Amino acid sequence: MAATVVYEGMLILDSTRYARDPEGIANQIHTFVQEAGGEVLVSRLWEERRLAYPIKGHRKGTYWLIYFRVEGPKIDEIRHRCHINEAILRELFLKVDPRIVDALVAHARSGQFVTPQGEAAPSRE
């Protein structure tokens, strides 16, 4: 049995599809993690913004942040499911250092994000 690992995921969603069914898209992401035997720690809307370059013909995207725990080898299954989902334009998953998991999850739950200038930005939910 493989050890569980905490991952941070940042997904860029199709803004049009997200606007039509925000709860449905969020539930799909949770389902990918849960069907891989994982546990969602926190999942939330980050923001909608104009993309630096078009992705699959889209000029804006909705950013979604998720922290979850899953067995290491299962991350490939989650990546694959995200990759073939038409509502997800891009995905990035990073392993989180176990020493900072609690702080990152608490920070994500608080809704406070830091601007490039180092100031606390209001939640964009």
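In the largest nonpolar core there are 22 residues, and the ones that touch the most other members are Leu13, Trp64, Phe68 and Ile78. Elements giving two or more residues to this core are β1, α2, β3, α3 and β4. The largest share, 5 residues, comes from α2. Keep in mind that this is a predicted model.

Let me stay with Trp64 for a moment. Leaving out residues up to four places away in sequence, Trp64 touches Gly9, Met10, Leu11 and Leu13, then Tyr18, Ala26 and Ile29, and also Ser43, Arg44, Leu45 and Trp46. There is also a second, separate core of 9 residues, which includes Leu41, Leu65, Val105 and Ala108.

Now the sheet. It is an open sheet of 4 strands, in the order β2-β3-β1-β4, with antiparallel pairing. The edge strands are β2 and β4, each of which pairs on one side only. From one strand to the next, the twist averages 20°. If you look at β1 and β4, they pair in the antiparallel sense over 7 bridges. In that region, Ile12 stands opposite Arg90 in β4.

Next, the helices against the sheet. Helix α2 lies across β1, β2, β3 and β4, and runs at about 35° to β3. Helix α3 lies across β1, β3 and β4, and runs at about 165° to β4.

Which residues of α2 are buried? They are Gly24, Ile25, Ala26, Ile29, Phe32 and Val33. On spacing, a general point: an α-helix has 3.6 residues a turn, so residues three or four places apart point the same way. The buried residues of α2 pack against the strands β1 (4–14), β2 (39–55), β3 (58–71) and β4 (88–95), and against the helices α1 (15–20) and α3 (75–84).

Gln34 is also in helix α2. Its relative accessibility is 49%, so Gln34 counts as partly exposed. The C-alpha atoms of Gln34 and Phe68 are separated by 9.4 Å, with the two residues 34 apart along the chain. Just after α2 comes Gly37, which takes a positive phi of about 85°.

That is the end of my part.

How values were computed:
Residues numbered from 1 in each chain as written. Predicted model: local features only at pLDDT ≥ 70, side-chain atom pairs only at ≥ 80, totals over all residues. Heavy atoms only, no water. Buried < 20%, exposed > 50% of the residue type's maximum accessible area, 1.4 Å probe, protein only. Contact = heavy atoms within 4.5 Å. Core = buried A, V, L, I, M, F, W, Y, C linked by side-chain atoms within 4.5 Å. Pairing = 2+ DSSP bridges. Axes fitted to C-alpha atoms, helices over the stretch in contact; angles between N-to-C directions.
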